Every structure is written in structure tokens, then in C-alpha cells.
Amino acid sequence: MTKAFDTFQQAVNADIEQVRLARERRDAFKGALKGEPGVLEVLGSGSLARSTQLKPVHDVDLIMVFDAAAYPEWGQPGDSSAGALEVVREMVKRLLGDNGGTVEELVRLAKPRDRAVKCFIDPPEQDDAFTVDVMPVLRQADNTLLVPSKRKKRWSTADPEYLIAQVKERQEKWSHFRPTVRVLKLWRHGIPTKVKSLVMEVLALKCLPTDTTRPQALKAFFTAAAVEVNYGVVDPAGHCGVIQPDLDTEALRTALESARDIAEEACAAATDGDSDGAALLWRELLGDDFPAPEEKGSGTAAGSFLYVPRPVVDAPQG
């Protein structure tokens with residue numbers, strides 16, 4: 001079963017060339033922006049920074065930490081949020097605009113959204129066109145970040161670095177943590193309700209054990225998450241409240257309970273020595289990328305899997 005999960009993980013993980021390109025573009029932004037007056041830090045954020053990004057990799061999140069002394073009006077209610085986003089937009093176009101950027105000609109359009117400036121790089125007709133979201137923030141005395149909202153005309157406290165640190169800690173305890181989070185994010189695409197990627201990641205922090213095998217960990221996750229989701233999935237740093245206000249909790253709970261039942265059957269089949277039955281159940285739960293058992297008489301041992309040995313390396317994800 002280990003080989004089957006290894007093979008499946010390779011299908012889940014992003015292509016190394018996509019990740020390499022994302023890194024290059026991330027680093028181009030960081031290199032251009034970090035030297036600007038009033039800019040203290042430029043940090044990676046989002047799932048790529050946490051190494052939990054699903055394929056295709058088509059966006060990068062960056063945080064620009066500004067010096068509050070250079071922008072004393074920021075952090076106040078009103079138009080300062082929109083003003084901060086406009087400062088970032090102007091910097092990006094001046095430094096990285098595709099028509100005369102002074103550092104690199106990369107960005108064809110920089111458009112302020114609610115909390116960040118979305119920077120479009122690839123042609124609009126390209127599938128999964130790549131974007132970089134750049135969010136201006138102020139660092140507070142307790143090391144949390146003050147982030148803008150143009151729509152609400154106010155700034156609020158957030159701590160994305162907390163989630164990065166929590167994921168890193170789990171990964172240090174169990175080398176399959178990040179890869180299994182990607183598996184869970186993929187699983188959510190197959191259920192009949194919309195669930196944000198971050199919801200699955202936060203549930204994994206609460207419900208995914210770090211001291212067992214992947215099949216047992218998945219079974220334990222679905223069992224615990226089916227209960228945990230009833231209490232609401234909130235920002236683990238304790239600042240931003242419910243992650244997905246429109247989440248259909250009942251539908252997600254039902255999907256988790258169904259997944260729990262299948263995972264329990266799969267683990268029981270494996271315990272009984274029925275590797276073919278276990279594989280078919282995991283395939284039912286996780287999708288057609290999970291390898292099916294070999295047909296009998298195919299020249300390989302019964303119950304073995306189609307498998308090309310490839311090292312399972314976590315680093316390429318971010």
C-alpha cells in the first residue's frame with residue numbers, strides 16, 4: 001500500500017517546473033520591491049509559502065511590510081486602505097511593468113482588489129494564467145500584521161506567519177504532513193459542496209495525526225474532522241474568525257462521514273490482507289489517480305501495483 005500512496009502522491013503534487021517558475025516570479029517581485037523606500041520586508045505567504053499548494057501552480061501571495069513612520073496615515077479607518085493598495089500598484093508598475101519596468105518587464109496589469117494588488121503576468125487567454133497577489137501591511141508591536149480592506153474601509157489584525165509556522169512544525173514531526181494536506185485539498189474537489197482550500201488545511205492542523213501511516217492518518221482525519229466541522233472552522237491564529245462564512249457545514253460533515261466509512265473499510269481490508277480490496281476503496285475515495293490493482297495474470301504478483309519508483313520529495317512544493 002505504501003507504493004500505491006507514493007504513486008498517488010506524485011499525481012497530486014505540482015510539477016517541478018511549475019514550482020520552479022513560481023519561485024522565479026516570486027523572487028523577481030521580492031528582489032524588486034524589497035529595496036523601495038519605506039519597505040521593511042517582503043515575505044512569501046499563502047499555500048506556496050506553506051508548501052501545501054495543489055497543481056497547477058498559477059499564483060503566488062506576497063506580503064509587503066511597510067514602515068509605519070513612512071506612511072503615518074495607514075492603519076486608520078477610511079480611505080487609507082485604498083491608498084496603500086495604490087502605493088503598491090504604482091511600485092509594481094514602475095519596477096516590474098511590462099512596458100518600461102526599471103527592474104524587470106514582467107507585469108502586464110496590476111489591479112487593486114480588496115486586500116491586495118493582483119498582478120497579471122501571462123496573456124489573459126492562457127489557461128491558468130499566472131498572477132501574484134501583493135498585500136501591503138504594517139507590523140504591530142506583538143509581531144502580528146495590520147492588513148487593509150478597501151471594501152470595508154478599515155484595517156484588521158492577521159497573522160499568516162502563524163499558520164506557516166504551524167504547518168512547518170507538523171511537517172517536522174511527520175514527513176507526510178504537507179503531502180497529505182495536498183491529498184485532502186484534492187479530495188474536497190470531489191464532494192458536492194464548495195470548500196475553501198484553507199478550510200481543509202486548518203482542519204488538517206486539528207485532525208490529522210503525525211504519528212502513524214498515511215492510510216491510518218486519513219482514516220483518523222475523516223473521523224475527527226466530521227465532528228470538528230460542527231464547531232466551525234476558524235482562523236487558527238485567533239484573529240480573523242470563521243474562514244468560510246458560507247460553508248455548508250451539513251454537506252461537508254456528510255462528505256467527511258462518508259469518507260470516514262470508506263477509509264475504515266480500506267484500512268480493515270488491508271489489515272485482513274486484502275490489498276486489492278483496500279486499493280479499490282482508496283481509489284473510490286481519492287479518485288482515479290489512485291492506482292488500481294494489477295489484473296490477475298498480467299505477469300506481476302497478484303495485488304501489486306503499477307508503479308515506477310520515484311523519490312517522494314516534499315521540497316518542490318514551495
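Ser51 counts as buried, at 7% relative accessibility, where buried means under 20% relative accessible area, exposed over 50%, and partly exposed in between (1.4 Å probe, protein chains only). The model is predicted, so local features need pLDDT of at least 70 and side-chain atom pairs count only at pLDDT 80 or more, whereas totals for chains, interfaces and linings use all residues. Residues are numbered from 1 along each chain as its sequence is written, and side-chain values use heavy atoms, with hydrogens and water left out.

Ser51 is located in the loop between H3 and E2; helices (H or I, at least four residues) and strands (E, at least two) are DSSP runs, numbered from the N terminus. The phi angle of Ser51 is near 60 degrees, a positive value in a residue other than glycine. Pro56 lies in the loop between helix H3 (46-50) and strand E2 (59-66), and the peptide bond that joins Lys55 and Pro56 is cis, with omega about -5 degrees. A positive phi is also found at Asn143, which is not a glycine and has a value of about 80 degrees. Asn143 belongs to the loop between strand E5 (131-139) and strand E6 (145-149) and is partly exposed, with a relative accessible area of 45%. For context, most residues other than glycine have a negative phi, and most peptide bonds are trans.

The largest nonpolar core contains 47 residues, a nonpolar core being a set of buried Ala, Val, Leu, Ile, Met, Phe, Trp, Tyr and Cys residues joined through side-chain atoms within 4.5 Å. Trp187, Phe221, Phe222, Leu252 and Trp282 have the most contacts inside this core. Two or more residues are given to this core by each of helix H1 (2-12), helix H5 (160-173), helix H6 (177-188), helix H7 (197-207), helix H8 (214-228), helix H9 (249-271) and helix H10 (275-286). The largest share, eight residues, comes from H9. When residues up to four places away in sequence are not counted, Trp187 touches Met200, Phe222, Leu252, Ala255, Leu256, Ala259 and Leu285, contact meaning heavy atoms within 4.5 Å. Another core, of 37 residues, lies apart from the largest one and includes Phe66, Leu96, Ile121 and Val134.

Helix H7 packs against both H5 and H6. The axes of H6 and H7 come within 9 Å and cross at roughly 135 degrees; axes are lines fitted to C-alpha atoms, for helices over the stretch in contact, and angles run from 0 to 180 degrees between N-to-C directions. H6 and H7 are therefore oblique to each other, since angles under 35 degrees count as roughly parallel, over 145 as roughly antiparallel, 65 to 115 as roughly perpendicular and the rest as oblique. The crossing of H6 and H7 is right-handed; a crossing is left-handed if the near helix is turned anticlockwise from the far one by less than a right angle, and right-handed if clockwise. Phe177, Val181, Leu184, Lys185, Trp187 and Arg188 of H6 meet Ser197, Met200, Glu201, Ala204 and Leu205 of H7. By class, this contact has seven nonpolar, one polar and three charged residues, where Ala, Val, Leu, Ile, Met, Phe, Trp, Tyr, Cys and Pro count as nonpolar, Asp, Glu, Lys and Arg as charged, and the others, Gly among them, as polar.

H5 and H7 pack at an angle of about 50 degrees, their axes being 11 Å apart, and are therefore oblique to each other. H5 passes H7 in a left-handed crossing. On the H5 side the contact is made by Leu163, Gln166, Val167 and Arg170, and on the H7 side by Leu198, Glu201 and Leu205. Four nonpolar, one polar and two charged residues make up the contact of H5 with H7.

Helix H2 (residues 16-33) packs with helix H4 (residues 80-96) at an angle of about 105 degrees, with axes 10 Å apart, which makes H2 roughly perpendicular to H4. Ala28, Phe29, Ala32 and Leu33 of H2 make the contact with Met91, Val92, Leu95 and Leu96 of H4. The residues of this contact comprise eight nonpolar, no polar and no charged. Arg26 is also placed in H2 and is buried, with a relative accessible area of 18%. Leaving aside neighbours within four places in sequence, Arg26 is in contact with Val60 and Leu62. Glu24, found in helix H2, is partly exposed, with a relative accessible area of 49%.
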